Amino acid sequence: MRVGASILERAGETLGDFLPQLAGALALLLIGLLLARLVGQLVRRGLAAAGLDDLAERWNVSDTLERAGLQRSLAGISGAAVRIVLSVIVVFAALTLLGLEPLSQSLNEAVLFLPDILAALVLLLAGVVLAGLVRERVDRLTYQMDFPVPLGQLAQVATLAIFAITAAAQVGVSADILILVIAIILAAVAGTFAIAFGLGGREVARSLNAGRFVRGAFDVGQTIRVGELRGRILAIDPDATVISTEEGRVRVPNHMLLESVVTIYGRPQGGAGEPPRP
């Protein structure tokens, strides 16, 4: 009986010492989370008032964030990031207040590691935004140059991968592994660009070379038929021949005039602007 009573007394004393710590940890957790939420809202409103969202709209950053599955407001994302970081710190502090020594040491190390995690998240966010902008510019360029390879998507993946690797280095991933991954990505990008430029240059050279033969075989003003297309030749450009049809003007790549069966109706008639005769 005395042994049982002694155990109960020690348990009661331990519980009595632990209850104030538990109450303090809960109070710190509740107040800290409320303050973290308040600070996050203040940061969001402050950045919005400073014009961060307007700047993001002008630079199409908001559209990029939306395509990445995030909210359009860059100020909102920044405020949410601050709130999450402060909430994590508050939770760690509340757990440390409980007085568990092994846990406290681990939590302290985790708190010290938070700046690296935050920097990595910022790098990832910047990578998502910049990769979207790069894809938009490259897609526009490849469309104008008529490249057969989707370089925009490749440029987006390569840019995002570089930022992701940099973020991984920020949190302590081995540099040798990162260098190997970067070398593989750069080699893939270089090879794809070389193929794309080679294919694009080959098509351009093919059209230009065909233009010399087309100018010798056809004349402006002639009425021709290529497949289902019939009309009068308005101009023979270096890469394509412009034909006036009943539906409007059509550009036919010069190499198609050499590779297809073309029917010629008489000699040149009238000016280049006259409509085709039936």
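In the predicted model, helix H5 contributes nine residues to the lining of the largest pocket, the largest share of that lining. The volume of this pocket is about 430 Å³. A total of 18 residues line the largest pocket, and those closest to its centre are Ala81, Leu118, Leu121, Val122 and Leu125. At least two lining residues come from each of helix H4 (74–97) and helix H5 (101–145). The composition of the lining is 17 nonpolar residues and one polar residue, with no charged residues.

The buried residues of H4 comprise Leu74, Ala75, Gly76, Ile77, Gly79, Ser87, Val90, Phe92 and Ala94. In an α-helix, residues three or four places apart point the same way, because there are 3.6 residues a turn. Although Ala36 and Val88 are 52 residues apart along the chain, a distance of 9.4 Å separates their C-alpha atoms.

The protein as a whole contains eight helices and five strands. Along the sequence these elements follow the pattern α-α-α-α-α-α-α-β-β-β-β-α-β. Of its 278 residues, 26% count as buried.

Among the strands, E3 (240–244) is largely enclosed by the rest of the structure, because five of its five residues are buried. Ala240, Val242 and Ser244 point one way from this strand, whereas Thr241 and Ile243 point the other way, and all of these residues are buried. Strand E3 is joined to E2 by four bridges, and the two strands run antiparallel. Within this pairing, Ile236 has Thr241 of E3 as its bridge partner. The hairpin formed by E2 and E3 has three residues between the strands.

Strand E3 also runs antiparallel to E4, to which it is joined by five bridges. In this second pairing, Arg249 of E4 stands opposite Ser244. Four residues lie between the strands of the E3 and E4 hairpin, in which Gly248 takes a positive phi near 140°.

A search of the whole structure for salt bridges found two. Side chains of opposite charge can pair when their charged atoms come close. One of the salt bridges is formed by Asp237 and Arg251, with a separation of 3.0 Å between the closest N and O atoms. This pair links distant parts of the chain, since Asp237 lies in the loop between strand E2 (229–236) and strand E3 (240–244), while Arg251 lies in strand E4 (residues 249–253), 14 residues apart. Asp237 is partly exposed because its relative accessibility is 23%, a value in between the limits of 20% for buried and 50% for exposed residues. Arg251 is likewise partly exposed, with a relative accessible area of 47%.

The other salt bridge is formed by Arg137 and Glu136, with the closest N and O atoms 3.6 Å apart. Arg137 has a relative accessible area of 42% and is therefore partly exposed. Glu136 is also partly exposed, at a relative accessible area of 27%.

Note on methods:
Residues are numbered from 1 along each chain as its sequence is written. This is a predicted model: local features need pLDDT of at least 70, side-chain atom pairs count only at pLDDT 80 or more; totals for chains, interfaces and linings use all residues. Side-chain values use heavy atoms; hydrogens and water are left out. A salt bridge is a side-chain nitrogen of Lys or Arg within 4 Å of a carboxyl oxygen of Asp or Glu. Buried means under 20% relative accessible area, exposed over 50%, partly exposed in between (1.4 Å probe, protein chains only). Two strands pair if DSSP finds at least two bridges between them. On a 1 Å grid over the protein atoms alone, a cavity is a set of points where a 1.4 Å probe fits but cannot get out, and a pocket is an open set with protein on both sides within 12 Å along at least five of seven lines; lining residues have an atom within 4 Å of a point. Grid points are joined across faces, edges and corners, and a volume is the space filled by probe spheres set on the points. Ala, Val, Leu, Ile, Met, Phe, Trp, Tyr, Cys and Pro count as nonpolar, Asp, Glu, Lys and Arg as charged, and the others, Gly among them, as polar.
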